[in-house]
Amino acid sequence: MKLYSQTQLFRIILITIAATLLVSTIAFFSLGKKSSNKNNSGFVTTSVSQETQSDTTEGQLEENEVQVQSDTNLALLQTNNQLLDSTFSVSNTSYTQDESQNINVYNLCNEAVVNINTKITAYDWFLEPYVQDGGSGSGSIIDKRGYILTNVHVIQGATKIYVSLFDGTQYEAEVVGQDLDSDLAVIKFNPPEGMSLKTISFGDSTSLKVGQKVIAIGNPFGLERTMTTGIVSGLGRPIQNSNNRIIRNMVQTDAAINPGNSGGPLLDSSGRMIGINTMIKSSSGSSAGVGFAVPSETAIRVVADLLKYGKVQRGQIDATIVQLSRRIAQYAGLDIAEGILISEVVEGGNAEKAGIKGGTQAAYYGSRRDIIYIGGDVITKIDDINITSIADYYSALESKKPGDTVTLVIHRNRKDLTVKLTLSE
């Protein structure tokens with residue numbers, strides 16, 4: 001049964017009325033012309049014959065008029081049927097620009113999104129190990145040789161990793177490298193000879209704008225290659241992940257992201273990966289309209305190091321650090337209670353060369369099995385990023401390479417000092 005919109009019905013009615021009036025007008029003038037020709041033909045007959053002829057002529061005219069109207073109605077009906085078929089043929093096969101865009105992106109990218117399932121080792125009451133199902137998530141094929149980008153928390157603690165392709169085939173994968181600071185990992189499976197894998201290319205997350213359309217493809221709740229759409233609802237979000245690392249410049253989106261979407265791609269309208277779906281903010285644990293993705297800018301840098309070194313090469317400060325707390329601050333007689341306390345500096349290291357001082361007084365820390373040294377400098381800022389915790393400290397250095405120079409603000413003797421430091425490997 002075909003359904004017609006009000007607009008379509010209104011158009012059909014107008015066309016029908018116009019066609020009926022046109023055909024009726026033509027028929028009227030045609031009949032008038034024929035009648036005129038008959039009256040002026042020059043026939044000479046008796047009055048009886050004229051009456052008979054008149055009746056005959058009127059009958060023929062009535063027959064002709066009925067036949068014309070019948071033919072007109074039939075033609076009009078055929079025209080309307082053709083119009084309806086044409087109208088609804090177009091309606092059934094046409095899409096809006098937005099729909100066409102969604103369809104094209106899905107066709108381009110869905111086969112490059114994989115479902116990831118893991119096995120983990122557990123222990124029974126007798127401390128005997130056994131294997132059970134672990135977590136599940138998504139991943140993006142980024143190289144035809146079988147390299148897949150996903151999240152660390154998707155594969156964390158796994159003894160076996162399996163990837164399922166779009167055609168249902170499943171392969172065992174191994175970890176190439178993983179990075180807790182960005183929650184990104186690269187795994188690899190060996191595709192059979194002759195298999196041509198579809199891949200997803202990286203886009204530019206630095207050019208994103210709030211309000212820009214984005215598309216997520218993943219495997220929420222095990223429903224493979226599900227697509228959801230939304231917009232960029234925020235940029236530059238610093239979010240603490242499940243590994244207690246703060247990831248900066250996260251892309252916030254209202255595209256529905258649920259458990260199982262982790263590791264899947266966040267795409268722009270051209271099908272380029274501008275983020276890796278990583279987490280949601282929800283009291284229920286399911287989509288609540290706020291999801292977060294690691295920006296492609298971070299992913300490109302991390303993936304390059306993971307493929308080359310198996311880990312990310314980051315610059316560091318040659319010092320032993322402790323997160324400052326109110327209790328430590330009170331014990332050490334400090335006037336601030338937030339920041340990173342320098343417990344010790346490495347002899348000859350970059351911290352010592354920059355003039356940073358470590359502590360001089362030993363104190364028990366934590367469970368009284370660890371010793372820290374108080375009295376040293378406190379780092380409160382790295383390159384305009386306020387440092388209040390260990391997570392802030394690692395986050396500020398996340399994008400830094402060995403050899404990069406950073407500016408530190410340190411608190412010493414109730415005063416703030418600024419020093420420059422070149423990061424080491």
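Asn-219 touches Val-113, Val-114, Asn-115, Gly-137, Ser-138, Glu-224, Arg-225, Pro-259, Gly-260 and Asn-261, not counting residues up to four places away in sequence; contact here means heavy atoms within 4.5 Å. The model is predicted: local features need pLDDT of at least 70 and side-chain atom pairs count only at pLDDT 80 or more, whereas totals for chains, interfaces and linings use all residues. Residues are numbered from 1 along each chain as its sequence is written, and side-chain values use heavy atoms, with hydrogens and water left out.

Asn-219 lies in the loop between E7 and E8. Helices (H or I, at least four residues) and strands (E, at least two) are DSSP runs, numbered from the N terminus. Because its relative accessibility is 2%, Asn-219 counts as buried; buried means under 20% relative accessible area, exposed over 50%, and partly exposed in between (1.4 Å probe, protein chains only). Polar atoms of the Asn-219 side chain lie 3.0 Å from the backbone oxygen of Val-114 and 2.9 Å from the backbone nitrogen of Arg-225.

**The two barrels**

Six strands close into a barrel in the order E7-E8-E9-E12-E11-E10, with antiparallel pairing. From one strand to the next, the twist averages 50°. Helix H3 (residues 97-109) packs on this sheet and touches E7 (213-218), E8 (226-240) and E10; the direction of H3 makes about 40° with that of E7. Axes are lines fitted to C-alpha atoms, for helices over the stretch in contact, and angles run from 0 to 180 degrees between N-to-C directions.

A closed barrel of six strands also runs E1-E2-E3-E6-E5-E4, again with antiparallel pairing. Here the twist averages 40° from one strand to the next. Helix H5 packs on the sheet through contacts with E2 (129-143), E3, E5 and E6, and its direction makes about 45° with that of E6.

| Strand | Partner strand | Bridges |
|---|---|---|
| E10 (residues 265-267) | E11 (residues 273-280) | three, antiparallel |
| E4 (residues 160-164) | E5 (residues 170-179) | four, antiparallel |

**Nonpolar cores**

A nonpolar core is a set of buried Ala, Val, Leu, Ile, Met, Phe, Trp, Tyr and Cys residues joined through side-chain atoms within 4.5 Å. The largest has 26 residues, and those with the most contacts inside it are Leu-149, Leu-184, Ile-200, Met-250, Leu-267 and Met-273. Elements that each supply at least two residues of this core include H3, E7, E9 (246-253) and H5 (296-309). With four residues, H5 gives the most. Another core, of 20 residues, lies apart from it and has among its members Ile-321, Ala-354, Ile-356 and Leu-421.

**Aromatic pairs**

The structure holds two aromatic pairs. Rings of Phe, Tyr and Trp (its six-membered ring) pair if their centres lie within 6.5 Å; planes under 30 degrees apart count as stacked, over 60 as edge-to-face and the rest as tilted. The rings of Tyr-171 and Phe-189 have centres 5.3 Å apart and planes at 25°, so this pair is stacked. Tyr-171 lies in strand E5 and Phe-189 in the loop between E6 and E7, so the pair ties together parts 18 residues apart in sequence. Both Tyr-171 and Phe-189 are buried.

Tyr-393 and Tyr-394 form an edge-to-face pair, at 5.4 Å centre to centre and 80° between the planes. Tyr-393 is buried, with a relative accessible area of 4%, whereas Tyr-394, at 34% relative accessibility, counts as partly exposed.

Key. Pairing = 2+ DSSP bridges. Polar contact = N/O pair within 3.5 Å; in protein donor to acceptor, adjacent residues only side chain to side chain.
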